[in-house]
Amino acid sequence: MAPGKKGILARLDAGEIVIGDGGFVFALEKRGYVKAGPWTPEAAAQYPEAVRQLHREFLRAGSNVMQTFTFYASDDKLENRGNKQSFTGAQINEAACDLAREVANEGDALVAGGVSQTPSYLSCKSETEVKAIFKKQLDVFIKKDVDFLIAEYFEHVEEAVWAVEVLRETGKPVAACLCIGPEGDMHGVSAAECAVRLVKAGAQIVGVNCHFDPMTCVKAVKMMKEGVEKAGLKAHYMVQPLAYHTPDCNCQGFIDLPEFPFGLEPRILTRWDMHKYAREAYNAGILFIGGCCGFEPYHIRAVAEELAPERGFLPAASEKHGSWGAGLEMHTKPWVRARARRAYWENLRPASGRPQCPSMSHPDSWGVTKGDSALLQQKEATTQDQLKQLFDRSTNH
(Lines give C-alpha, C1' and ligand atoms only; values in the text may rest on other atoms or scores of the structure.)
Protein backbone atom coordinates (compact mmCIF):
# COMPACT_ATOMS: atom_id res chain seq x y z
CA MET A 1 0.00 0.00 0.00
CA ALA A 2 1.25 3.46 -0.85
CA PRO A 3 2.45 5.50 2.13
CA GLY A 4 -0.29 7.60 3.66
CA LYS A 5 -3.16 5.52 2.31
CA LYS A 6 -5.60 4.09 4.82
CA GLY A 7 -6.48 0.44 4.47
CA ILE A 8 -9.95 -0.83 3.69
CA LEU A 9 -10.89 -1.68 7.29
CA ALA A 10 -9.56 1.64 8.62
CA ARG A 11 -11.76 3.47 6.12
CA LEU A 12 -14.85 1.45 6.93
CA ASP A 13 -14.23 1.61 10.68
CA ALA A 14 -14.10 5.41 10.37
CA GLY A 15 -17.48 5.40 8.61
CA GLU A 16 -16.03 6.38 5.23
CA ILE A 17 -17.85 5.44 2.04
CA VAL A 18 -15.80 3.16 -0.20
CA ILE A 19 -16.82 3.11 -3.86
CA GLY A 20 -15.99 0.05 -5.91
CA ASP A 21 -15.59 -0.16 -9.66
CA GLY A 22 -17.72 -1.94 -12.26
CA GLY A 23 -18.08 -5.10 -14.28
CA PHE A 24 -14.87 -5.61 -16.24
CA VAL A 25 -15.81 -8.78 -18.12
CA PHE A 26 -18.99 -7.29 -19.58
CA ALA A 27 -17.43 -3.89 -20.26
CA LEU A 28 -14.40 -5.41 -21.98
CA GLU A 29 -16.53 -7.92 -23.91
CA LYS A 30 -18.43 -5.01 -25.43
CA ARG A 31 -15.11 -3.36 -26.28
CA GLY A 32 -13.82 -6.51 -28.00
CA TYR A 33 -11.29 -7.77 -25.44
CA VAL A 34 -13.16 -10.56 -23.62
CA LYS A 35 -14.93 -13.58 -25.08
CA ALA A 36 -18.49 -14.17 -23.90
CA GLY A 37 -19.01 -17.72 -22.69
CA PRO A 38 -15.70 -18.36 -20.96
CA TRP A 39 -15.71 -14.79 -19.52
CA THR A 40 -12.04 -15.20 -18.65
CA PRO A 41 -9.58 -12.30 -18.18
CA GLU A 42 -6.73 -13.05 -20.59
CA ALA A 43 -6.93 -9.38 -21.62
CA ALA A 44 -4.96 -8.40 -18.52
CA ALA A 45 -1.91 -10.03 -20.13
CA GLN A 46 -2.94 -9.87 -23.80
CA TYR A 47 -4.37 -6.35 -24.04
CA PRO A 48 -3.09 -4.52 -20.96
CA GLU A 49 -3.77 -1.07 -22.42
CA ALA A 50 -7.51 -1.83 -22.55
CA VAL A 51 -7.61 -2.98 -18.92
CA ARG A 52 -5.48 -0.06 -17.77
CA GLN A 53 -7.75 2.45 -19.49
CA LEU A 54 -10.89 0.97 -17.95
CA HIS A 55 -9.29 1.13 -14.49
CA ARG A 56 -8.48 4.79 -15.13
CA GLU A 57 -12.03 5.55 -16.20
CA PHE A 58 -13.43 4.02 -13.02
CA LEU A 59 -10.87 5.86 -10.91
CA ARG A 60 -11.83 9.15 -12.56
CA ALA A 61 -15.51 8.31 -12.01
CA GLY A 62 -14.97 8.00 -8.26
CA SER A 63 -13.87 4.44 -7.52
CA ASN A 64 -11.38 4.09 -4.71
CA VAL A 65 -10.99 0.33 -5.06
CA MET A 66 -9.22 -1.06 -8.12
CA GLN A 67 -10.25 -4.69 -8.23
CA THR A 68 -7.75 -6.83 -10.12
CA PHE A 69 -9.13 -8.17 -13.39
CA THR A 70 -8.83 -11.75 -12.22
CA PHE A 71 -12.44 -12.92 -12.39
CA TYR A 72 -12.55 -16.57 -13.47
CA ALA A 73 -8.74 -16.77 -13.73
CA SER A 74 -8.38 -20.15 -12.03
CA ASP A 75 -6.64 -22.68 -14.25
CA ASP A 76 -9.62 -25.06 -14.19
CA LYS A 77 -11.78 -22.28 -15.62
CA LEU A 78 -9.20 -21.12 -18.17
CA GLU A 79 -9.15 -24.58 -19.74
CA ASN A 80 -12.87 -25.34 -19.34
CA ARG A 81 -15.10 -26.35 -22.29
CA GLY A 82 -12.29 -26.17 -24.82
CA ASN A 83 -11.17 -22.64 -23.97
CA LYS A 84 -7.66 -22.30 -25.41
CA GLN A 85 -5.27 -21.33 -22.63
CA SER A 86 -2.80 -18.88 -24.15
CA PHE A 87 -1.77 -17.60 -20.71
CA THR A 88 -1.55 -19.31 -17.34
CA GLY A 89 -3.63 -18.15 -14.42
CA ALA A 90 -0.45 -16.92 -12.73
CA GLN A 91 0.55 -14.80 -15.75
CA ILE A 92 -2.91 -13.25 -15.96
CA ASN A 93 -3.12 -12.56 -12.25
CA GLU A 94 0.34 -11.00 -12.11
CA ALA A 95 -0.44 -8.71 -15.03
CA ALA A 96 -3.80 -7.79 -13.49
CA CYS A 97 -2.20 -6.91 -10.16
CA ASP A 98 0.41 -4.70 -11.83
CA LEU A 99 -2.25 -2.82 -13.82
CA ALA A 100 -4.51 -2.29 -10.81
CA ARG A 101 -1.60 -1.07 -8.67
CA GLU A 102 -0.37 1.31 -11.37
CA VAL A 103 -3.74 3.02 -11.61
CA ALA A 104 -4.51 2.87 -7.88
CA ASN A 105 -1.31 4.80 -7.26
CA GLU A 106 -2.64 7.59 -9.49
CA GLY A 107 -5.28 8.32 -6.84
CA ASP A 108 -6.41 7.44 -3.34
CA ALA A 109 -7.39 3.91 -4.32
CA LEU A 110 -6.70 0.46 -2.92
CA VAL A 111 -6.01 -2.77 -4.80
CA ALA A 112 -8.22 -5.79 -4.16
CA GLY A 113 -7.27 -9.24 -5.41
CA GLY A 114 -10.24 -11.42 -6.24
CA VAL A 115 -11.11 -15.11 -6.52
CA SER A 116 -14.44 -16.54 -7.69
CA GLN A 117 -16.37 -19.78 -7.87
CA THR A 118 -14.74 -22.69 -9.68
CA PRO A 119 -15.85 -25.28 -12.23
CA SER A 120 -14.25 -27.83 -9.94
CA TYR A 121 -16.80 -27.13 -7.20
CA LEU A 122 -19.69 -27.47 -9.65
CA SER A 123 -18.19 -30.81 -10.70
CA CYS A 124 -18.30 -31.96 -7.05
CA LYS A 125 -14.54 -31.97 -6.50
CA SER A 126 -13.41 -32.22 -2.88
CA GLU A 127 -12.84 -29.37 -0.44
CA THR A 128 -9.10 -30.05 -0.60
CA GLU A 129 -9.06 -29.84 -4.41
CA VAL A 130 -11.11 -26.63 -4.53
CA LYS A 131 -9.05 -24.97 -1.81
CA ALA A 132 -5.86 -25.81 -3.71
CA ILE A 133 -7.20 -23.78 -6.65
CA PHE A 134 -7.76 -20.75 -4.41
CA LYS A 135 -4.34 -21.18 -2.83
CA LYS A 136 -2.67 -21.19 -6.24
CA GLN A 137 -4.32 -17.87 -7.13
CA LEU A 138 -3.55 -16.45 -3.70
CA ASP A 139 0.19 -16.97 -4.12
CA VAL A 140 0.23 -14.26 -6.80
CA PHE A 141 -1.79 -11.82 -4.70
CA ILE A 142 0.65 -12.21 -1.82
CA LYS A 143 3.64 -11.82 -4.13
CA LYS A 144 2.13 -8.60 -5.50
CA ASP A 145 1.05 -7.43 -2.01
CA VAL A 146 -2.53 -6.45 -2.78
CA ASP A 147 -4.23 -4.35 -0.10
CA PHE A 148 -7.10 -6.73 0.59
CA LEU A 149 -8.83 -9.78 -0.83
CA ILE A 150 -12.31 -10.41 -2.21
CA ALA A 151 -14.02 -13.76 -2.61
CA GLU A 152 -16.84 -12.93 -5.02
CA TYR A 153 -19.44 -14.48 -7.28
CA PHE A 154 -20.24 -17.59 -5.29
CA GLU A 155 -23.62 -19.26 -5.78
CA HIS A 156 -23.06 -21.68 -2.91
CA VAL A 157 -22.06 -20.50 0.54
CA GLU A 158 -20.16 -23.73 1.16
CA GLU A 159 -17.63 -22.89 -1.56
CA ALA A 160 -17.47 -19.25 -0.43
CA VAL A 161 -16.62 -20.39 3.10
CA TRP A 162 -13.81 -22.54 1.70
CA ALA A 163 -12.48 -19.52 -0.17
CA VAL A 164 -12.61 -17.31 2.92
CA GLU A 165 -10.81 -19.94 5.00
CA VAL A 166 -7.96 -19.90 2.47
CA LEU A 167 -7.83 -16.11 2.07
CA ARG A 168 -7.85 -15.37 5.79
CA GLU A 169 -4.61 -17.31 6.25
CA THR A 170 -2.78 -14.38 4.63
CA GLY A 171 -3.65 -11.98 7.43
CA LYS A 172 -5.00 -9.50 4.88
CA PRO A 173 -8.56 -8.13 5.19
CA VAL A 174 -11.09 -10.41 3.51
CA ALA A 175 -14.38 -9.46 1.86
CA ALA A 176 -16.82 -12.12 0.70
CA CYS A 177 -19.69 -11.67 -1.77
CA LEU A 178 -22.26 -14.21 -2.84
CA CYS A 179 -24.15 -13.81 -6.13
CA ILE A 180 -27.48 -14.44 -4.42
CA GLY A 181 -30.72 -12.58 -3.88
CA PRO A 182 -33.22 -12.52 -1.01
CA GLU A 183 -34.05 -16.21 -1.59
CA GLY A 184 -30.57 -17.30 -0.50
CA ASP A 185 -27.99 -19.52 -2.15
CA MET A 186 -28.60 -22.24 -4.73
CA HIS A 187 -28.96 -24.89 -2.03
CA GLY A 188 -31.57 -22.89 -0.14
CA VAL A 189 -29.37 -21.46 2.62
CA SER A 190 -30.91 -18.13 3.64
CA ALA A 191 -29.11 -14.85 3.00
CA ALA A 192 -28.90 -14.26 6.75
CA GLU A 193 -27.37 -17.66 7.43
CA CYS A 194 -24.95 -17.26 4.53
CA ALA A 195 -23.63 -14.06 6.06
CA VAL A 196 -23.25 -15.62 9.48
CA ARG A 197 -21.23 -18.50 8.02
CA LEU A 198 -18.97 -16.14 6.10
CA VAL A 199 -18.27 -13.97 9.14
CA LYS A 200 -17.56 -17.03 11.28
CA ALA A 201 -15.18 -18.24 8.57
CA GLY A 202 -13.19 -15.01 8.90
CA ALA A 203 -14.64 -12.47 6.46
CA GLN A 204 -14.63 -8.90 7.85
CA ILE A 205 -16.77 -7.57 4.98
CA VAL A 206 -19.76 -9.49 3.60
CA GLY A 207 -22.34 -8.81 0.93
CA VAL A 208 -23.53 -9.68 -2.55
CA ASN A 209 -22.46 -9.02 -6.11
CA CYS A 210 -23.83 -9.69 -9.60
CA HIS A 211 -26.93 -11.73 -10.64
CA PHE A 212 -29.52 -9.13 -9.51
CA ASP A 213 -30.40 -5.46 -9.86
CA PRO A 214 -29.31 -2.89 -7.26
CA MET A 215 -32.47 -2.75 -5.16
CA THR A 216 -32.73 -6.54 -5.01
CA CYS A 217 -29.09 -6.77 -3.94
CA VAL A 218 -29.55 -4.10 -1.28
CA LYS A 219 -32.53 -6.04 0.06
CA ALA A 220 -30.40 -9.19 0.27
CA VAL A 221 -27.60 -7.38 2.10
CA LYS A 222 -30.12 -5.96 4.57
CA MET A 223 -31.12 -9.54 5.35
CA MET A 224 -27.47 -10.50 5.76
CA LYS A 225 -26.91 -7.58 8.11
CA GLU A 226 -29.91 -8.55 10.23
CA GLY A 227 -28.65 -12.12 10.44
CA VAL A 228 -25.14 -11.10 11.49
CA GLU A 229 -26.43 -8.70 14.13
CA LYS A 230 -28.92 -11.26 15.47
CA ALA A 231 -26.04 -13.74 15.85
CA GLY A 232 -24.12 -11.18 17.92
CA LEU A 233 -21.39 -10.84 15.32
CA LYS A 234 -19.85 -7.77 13.68
CA ALA A 235 -18.99 -7.06 10.07
CA HIS A 236 -18.91 -4.39 7.41
CA TYR A 237 -21.18 -4.68 4.37
CA MET A 238 -20.73 -4.30 0.65
CA VAL A 239 -22.90 -4.47 -2.45
CA GLN A 240 -21.84 -4.67 -6.11
CA PRO A 241 -24.99 -5.40 -8.17
CA LEU A 242 -25.82 -5.63 -11.85
CA ALA A 243 -26.62 -2.50 -13.85
CA TYR A 244 -29.69 -4.30 -15.23
CA HIS A 245 -33.29 -4.33 -14.03
CA THR A 246 -34.16 -7.89 -12.96
CA PRO A 247 -37.66 -7.88 -11.39
CA ASP A 248 -38.57 -11.08 -13.24
CA CYS A 249 -35.58 -13.14 -12.06
CA ASN A 250 -35.79 -16.20 -9.85
CA CYS A 251 -33.09 -17.38 -7.44
CA GLN A 252 -30.61 -18.08 -10.27
CA GLY A 253 -30.54 -14.42 -11.28
CA PHE A 254 -30.02 -12.86 -14.68
CA ILE A 255 -28.28 -15.85 -16.30
CA ASP A 256 -31.75 -17.48 -16.39
CA LEU A 257 -33.18 -14.58 -18.42
CA PRO A 258 -33.59 -15.35 -22.15
CA GLU A 259 -31.83 -12.04 -22.92
CA PHE A 260 -28.60 -13.18 -21.22
CA PRO A 261 -26.00 -12.22 -22.25
CA PHE A 262 -26.46 -10.48 -25.62
CA GLY A 263 -29.89 -8.86 -25.34
CA LEU A 264 -29.71 -7.14 -21.97
CA GLU A 265 -29.30 -3.55 -23.15
CA PRO A 266 -33.00 -2.61 -22.79
CA ARG A 267 -32.68 -3.41 -19.07
CA ILE A 268 -29.73 -1.08 -18.34
CA LEU A 269 -30.23 1.31 -15.44
CA THR A 270 -29.88 5.01 -16.13
CA ARG A 271 -27.48 7.19 -14.18
CA TRP A 272 -30.49 8.52 -12.29
CA ASP A 273 -31.45 5.00 -11.22
CA MET A 274 -27.94 4.75 -9.82
CA HIS A 275 -28.52 7.81 -7.64
CA LYS A 276 -31.47 6.00 -6.04
CA TYR A 277 -29.41 2.85 -5.58
CA ALA A 278 -26.52 4.67 -3.92
CA ARG A 279 -28.84 6.42 -1.48
CA GLU A 280 -30.73 3.22 -0.68
CA ALA A 281 -27.50 1.31 -0.03
CA TYR A 282 -26.04 4.03 2.17
CA ASN A 283 -29.27 4.37 4.17
CA ALA A 284 -29.18 0.60 4.75
CA GLY A 285 -25.81 0.91 6.46
CA ILE A 286 -23.75 -0.37 3.54
CA LEU A 287 -20.49 1.55 3.17
CA PHE A 288 -18.75 -0.39 0.38
CA ILE A 289 -20.86 0.42 -2.69
CA GLY A 290 -19.86 -0.55 -6.22
CA GLY A 291 -21.04 -2.42 -9.28
CA CYS A 292 -20.71 -5.57 -11.34
CA CYS A 293 -21.86 -6.66 -14.82
CA GLY A 294 -23.30 -3.85 -16.91
CA PHE A 295 -21.77 -1.06 -14.80
CA GLU A 296 -19.89 1.50 -16.82
CA PRO A 297 -17.85 4.39 -15.39
CA TYR A 298 -20.77 6.83 -15.75
CA HIS A 299 -22.80 4.60 -13.41
CA ILE A 300 -20.08 4.78 -10.79
CA ARG A 301 -19.87 8.54 -11.30
CA ALA A 302 -23.57 8.73 -10.46
CA VAL A 303 -22.97 6.79 -7.25
CA ALA A 304 -20.10 9.12 -6.34
CA GLU A 305 -22.17 12.23 -7.13
CA GLU A 306 -25.12 11.06 -5.05
CA LEU A 307 -22.85 10.44 -2.07
CA ALA A 308 -20.69 13.55 -2.56
CA PRO A 309 -22.28 15.36 0.43
CA GLU A 310 -21.22 12.49 2.71
CA ARG A 311 -17.82 12.04 1.08
CA GLY A 312 -17.09 15.76 0.93
CA PHE A 313 -16.01 15.88 -2.72
CA LEU A 314 -17.04 15.12 -6.28
CA PRO A 315 -15.16 12.72 -8.56
CA ALA A 316 -12.87 14.12 -11.25
CA ALA A 317 -15.30 12.99 -13.96
CA SER A 318 -17.94 15.42 -12.65
CA GLU A 319 -15.91 18.12 -14.36
CA LYS A 320 -17.76 17.04 -17.51
CA HIS A 321 -21.16 16.45 -15.92
CA GLY A 322 -23.58 18.99 -14.51
CA SER A 323 -25.56 17.97 -11.45
CA TRP A 324 -28.94 16.50 -12.42
CA GLY A 325 -28.59 17.52 -16.04
CA ALA A 326 -27.43 21.08 -15.40
CA GLY A 327 -25.15 20.97 -18.43
CA LEU A 328 -28.24 20.96 -20.63
CA GLU A 329 -28.68 24.64 -19.80
CA MET A 330 -26.15 25.18 -22.61
CA HIS A 331 -28.04 23.14 -25.22
CA THR A 332 -29.11 24.79 -28.45
CA LYS A 333 -32.69 23.48 -28.35
CA PRO A 334 -35.10 25.06 -25.84
CA TRP A 335 -37.05 21.87 -25.11
CA VAL A 336 -33.79 20.16 -24.15
CA ARG A 337 -32.80 23.12 -21.97
CA ALA A 338 -36.13 22.58 -20.21
CA ARG A 339 -34.77 19.21 -19.04
CA ALA A 340 -31.96 20.81 -17.04
CA ARG A 341 -33.57 20.00 -13.69
CA ARG A 342 -33.68 17.22 -11.14
CA ALA A 343 -37.46 16.85 -11.15
CA TYR A 344 -37.43 15.96 -14.85
CA TRP A 345 -34.86 13.15 -14.59
CA GLU A 346 -36.05 11.79 -11.25
CA ASN A 347 -39.56 11.25 -12.61
CA LEU A 348 -38.72 10.09 -16.12
CA ARG A 349 -40.03 6.67 -17.18
CA PRO A 350 -37.79 5.70 -20.10
CA ALA A 351 -39.44 3.98 -23.07
CA SER A 352 -37.79 1.06 -24.84
CA GLY A 353 -38.81 2.17 -28.32
CA ARG A 354 -39.47 -1.47 -29.19
CA PRO A 355 -43.02 -2.13 -30.44
CA GLN A 356 -44.68 -5.18 -28.83
CA CYS A 357 -41.70 -5.61 -26.49
CA PRO A 358 -42.77 -7.21 -23.18
CA SER A 359 -41.79 -5.50 -19.94
CA MET A 360 -40.98 -8.87 -18.32
CA SER A 361 -39.45 -12.15 -19.47
CA HIS A 362 -39.92 -15.74 -18.39
CA PRO A 363 -36.69 -17.12 -16.84
CA ASP A 364 -35.53 -20.49 -18.15
CA SER A 365 -35.61 -21.99 -14.64
CA TRP A 366 -33.92 -25.29 -15.41
CA GLY A 367 -33.31 -25.78 -11.70
CA VAL A 368 -29.78 -27.07 -12.23
CA THR A 369 -27.14 -26.60 -9.55
CA LYS A 370 -24.17 -28.37 -7.99
CA GLY A 371 -24.71 -32.12 -7.92
CA ASP A 372 -26.63 -32.27 -11.20
CA SER A 373 -24.89 -34.23 -13.96
CA ALA A 374 -25.63 -31.42 -16.42
CA LEU A 375 -23.19 -29.20 -14.51
CA LEU A 376 -20.19 -31.54 -14.77
CA GLN A 377 -17.44 -29.50 -16.40
CA GLN A 378 -14.89 -30.72 -18.94
CA LYS A 379 -11.65 -29.64 -20.58
CA GLU A 380 -12.82 -30.72 -24.02
CA ALA A 381 -14.92 -28.41 -26.19
CA THR A 382 -18.67 -28.95 -26.06
CA THR A 383 -19.60 -31.42 -28.83
CA GLN A 384 -22.40 -30.95 -31.33
CA ASP A 385 -24.24 -33.91 -29.77
CA GLN A 386 -24.01 -32.26 -26.35
CA LEU A 387 -25.29 -29.00 -27.81
CA LYS A 388 -28.20 -30.78 -29.54
CA GLN A 389 -29.29 -32.22 -26.19
CA LEU A 390 -29.27 -28.73 -24.71
CA PHE A 391 -31.14 -27.25 -27.69
CA ASP A 392 -33.79 -29.98 -27.41
CA ARG A 393 -34.13 -29.46 -23.68
CA SER A 394 -34.46 -25.70 -24.14
CA THR A 395 -37.14 -26.15 -26.83
CA ASN A 396 -39.16 -28.55 -24.71
CA HIS A 397 -38.74 -26.67 -21.42
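Student: Where is C292 found?

Tutor: Helices (H or I, at least four residues) and strands (E, at least two) are DSSP runs, numbered from the N terminus. C292 is found in the loop between β8 (288-289) and α13 (297-306), and C293 lies in that loop between β8 and α13 as well. This is a predicted model, in which local features need pLDDT of at least 70, side-chain atom pairs count only at pLDDT 80 or more, and totals for chains, interfaces and linings use all residues. Residues are numbered from 1 along each chain as its sequence is written, and side-chain values use heavy atoms, with hydrogens and water left out.

Student: Is C292 buried or exposed?

Tutor: Buried means under 20% relative accessible area, exposed over 50%, partly exposed in between (1.4 Å probe, protein chains only). C292 counts as buried because its relative accessibility is 11%; C293, at 6%, counts as buried too.

Student: Which residues is C293 in contact with?

Tutor: Contact means heavy atoms within 4.5 Å. Neighbours within four places in sequence aside, the contacts of C293 include G23, C210, P241 and F254. On that basis, C292 touches residues including G22, N209, C210 and Q240.

Student: What feature does UniProt place at C210, C292 and C293?

Tutor: UniProt positions follow the numbering used here, feature names are shortened, and annotations may be inferred rather than shown by experiment. The unreviewed UniProt entry places "binding site" at C210, C292 and C293. These residues span 84 residues in sequence, yet no two of their C-alpha atoms are more than 6.4 Å apart, so they gather at one spot.
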